[in-house]
Amino acid sequence: MSGPLDMDAVGAIYAYDGSFGEVGEVLCLIGGTWKKVWGALDTLSASISAGCYGAGSSGSSIPVTTNVVSVTVAGGSAPYTYAWARDDAGAPSWTINNPTDDSSSFTVTVAASGIETAEFECTVTDADGATVTTNLTYASAENYGGS
């Protein structure tokens, strides 16, 4: 489209041809200011690149905290909010140390010479209310035992 459509309620709507914006964007002229209302390239996505692991050594049960994992977000509209959750059910109970941050570690009590595992995911919401849930990250915590 090379010109505006007549949209009395919102102003003019343009579909960019690349001359002054990205192909696949739609803007509205609202109150004299162009606002992007849709962009084909702005689909919200999020991922976690690796699992996490933590270890300790004790002859009795101890709390073990994993390393930190982070969410990588692309597209959507900043700012983003984050909500970490455990995906698998069951005992023992794990603590999500930063449940509303883009990065978190996880803590669980591990028996002597024991290992605990769990799966976590993070739901990301952008400023426009779009949501996406990450792939799973696998957490593992180990107590090597000892005297």
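What share of the contacts in the chain with a separation of 6 or more comes from residues 24 or more positions apart? Here are some notes to go with the model.

1. **Contacts along the chain.** The share is 55%, where contact means heavy atoms within 4.5 Å.

2. **Ground rules.** This is a predicted model, in which local features need pLDDT of at least 70 and side-chain atom pairs count only at pLDDT 80 or more, while totals for chains, interfaces and linings use all residues. Residues are numbered from 1 along each chain as its sequence is written, and side-chain values use heavy atoms, with hydrogens and water left out.

3. **Overall make-up.** You will find 15 strands and 0 helices in the chain; both are DSSP runs numbered from the N terminus, helices being H or I with at least four residues and strands E with at least two. Of the 147 residues, 30% are buried (buried is under 20% relative accessible area, exposed is over 50%, and partly exposed lies in between, with a 1.4 Å probe and protein chains only). The accessible surface is about 8,100 Å², with carbon and sulfur atoms holding 53% of that; the areas come from the Shrake-Rupley method with a 1.4 Å probe, and for residues only the protein chains shown count as cover.

4. **V69.** Strand β8 spans residues 69-74 and includes V69. V69 is buried because its relative accessible area is 5%. Leaving out residues up to four places away in sequence, V69 touches I48, A50, C52, W84 and F106, among others. For V69 and A50, the C-alpha to C-alpha distance is 7.0 Å, at 19 residues apart in sequence.

5. **T107.** Look next at strand β12 (residues 106-110), where T107 lies. T107 counts as buried because its relative accessible area is 16%. Its side chain makes polar contacts with the side chains of T65 (2.7 Å) and N97 (3.0 Å). A polar contact is a pair of N or O atoms within 3.5 Å; within protein, one must be able to donate a hydrogen and the other to accept it, and residues adjacent in sequence count only if both atoms are side-chain atoms. Beyond four places in sequence, the contacts of T107 also include P63, V64 and W94.

6. **Salt bridge.** The count is 1, taking a side-chain nitrogen of Lys or Arg within 4 Å of a carboxyl oxygen of Asp or Glu. D88 and R86 form it through their side chains, at 2.8 Å, N to O. D88 is partly exposed at 24%, and R86 is partly exposed at 24%.

7. **Cysteines.** There are 0 disulfides, meaning pairs of cysteine sulfur atoms within 2.5 Å. C52 is buried at 4% relative accessibility, and C122 is buried at 0%.
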